[in-house]
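This briefing goes through one protein structure by topic. Please look at the sequence and the model first, then read on.

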Amino acid sequence: MIIVSQDKKRIINFKNITDINIEFIHSDYELRASFIGECESFNIGNYEEEERAKEVLAEIIKSYRDYRTAECDGYTNVLQETAVFEMPED
């Protein structure tokens, strides 16, 4: 599965992510991803409310679960629908 950053400037292979967390930075809640072999994390989306950031994190989890299930079970249509997660706007 890949994730497209909110600003559409970064495509991330989910297999290379070690964690995604929510940080409060400059009046926004940022979803930040850390990658294998990198010392710093990168912003993949900004949200005004912490609750919205948590909702988006839950959407990523659901999308990944659907993707993994489709990948293991060979459901081509579901796999195509879940192979890309685009970070939603606020």
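At 32% relative accessibility, Glu59 counts as partly exposed; buried means under 20% relative accessible area, exposed over 50%, and partly exposed in between, with a 1.4 Å probe and protein chains only. Salt bridges that share partners join Glu59 with Arg52 and Glu55 into one network. The model is predicted, so local features need pLDDT of at least 70 and side-chain atom pairs count only at pLDDT 80 or more, while totals for chains, interfaces and linings use all residues. Residues are numbered from 1 along each chain as its sequence is written, and side-chain values use heavy atoms, with hydrogens and water left out.

**Overall make-up**

- The protein has two helices and six strands; helices (H or I, at least four residues) and strands (E, at least two) are DSSP runs, numbered from the N terminus.
- Read from the N terminus, the order of the elements is β-β-β-β-β-α-α-β.
- Of the 90 residues in the protein, 34% are buried.
- Among contacts with a separation of 6 or more, 42% are between residues 24 or more positions apart; contact means heavy atoms within 4.5 Å.

**Salt bridges**

- The whole structure holds five salt bridges, a salt bridge being a side-chain nitrogen of Lys or Arg within 4 Å of a carboxyl oxygen of Asp or Glu.
- Glu59 forms one of them with Arg52, where the closest N and O atoms are 3.2 Å apart.
- Glu55 also forms a salt bridge with Arg52, with the closest N and O atoms 3.4 Å apart.
- Both Glu55 and Arg52 belong to helix H1 (residues 50-73), where three residues, about one turn of the helix, separate them.
- Glu55 has a relative accessible area of 38%, so Glu55 is partly exposed.
- Another salt bridge links the side chains of Arg32 and Glu30, at 2.6 Å from N to O.
- Arg32 and Glu30 are both buried.

**Aromatic rings**

- There are three aromatic pairs, counted where rings of Phe, Tyr and Trp (its six-membered ring) have centres within 6.5 Å; planes under 30 degrees apart count as stacked, over 60 as edge-to-face and the rest as tilted.
- One of the pairs is Phe35 with Phe42, which is tilted, at 5.6 Å centre to centre and 45° between the planes.
- Phe35 is buried because its relative accessible area is 11%.
- Phe42 has 18% relative accessibility and therefore counts as buried.
- Arg10 lies over the face of Phe42, 4.4 Å from the ring centre; a charge sits over a ring if NZ of Lys or CZ of Arg is within 6 Å of the ring centre and within 35 degrees of the ring normal.

- Gln6 is in the loop between strand E1 (2-4) and strand E2 (11-13).
- With 14% relative accessibility, Gln6 counts as buried.
- The side chains of Gln6 and Tyr47 are joined by a polar contact of 3.5 Å; a polar contact is a pair of N or O atoms within 3.5 Å, where within protein one must be able to donate a hydrogen and the other to accept it, and residues adjacent in sequence count only if both atoms are side-chain atoms.
- Leaving out residues up to four places away in sequence, Gln6 touches Ile44, Gly45, Asn46, Tyr47, Met87, Pro88, Glu89 and Asp90.

**Asn13 in strand E2**

- Asn13 is part of strand E2.
- Its relative accessible area of 33% makes Asn13 partly exposed.
- Apart from neighbours within four places in sequence, Asn13 contacts Met1 and Ile2.
- Asn13 and Met1 are twelve residues apart along the chain, and their C-alpha atoms are separated by 6.3 Å.
- A polar atom of the Asn13 side chain lies 2.9 Å from the backbone nitrogen of Lys15.

- Ser27 sits in the loop between strand E3 (17-25) and strand E4 (28-35).
- Ser27 counts as exposed, at 53% relative accessibility.
- From C-alpha to C-alpha, Ser27 and Glu49 are 9.2 Å apart in space, and they are 22 residues apart in sequence.
- Asp66 is in helix H1 and, at 29% relative accessibility, counts as partly exposed.
- Asp66 and Ala83 are 17 residues apart along the chain, with 9.1 Å between their C-alpha atoms.
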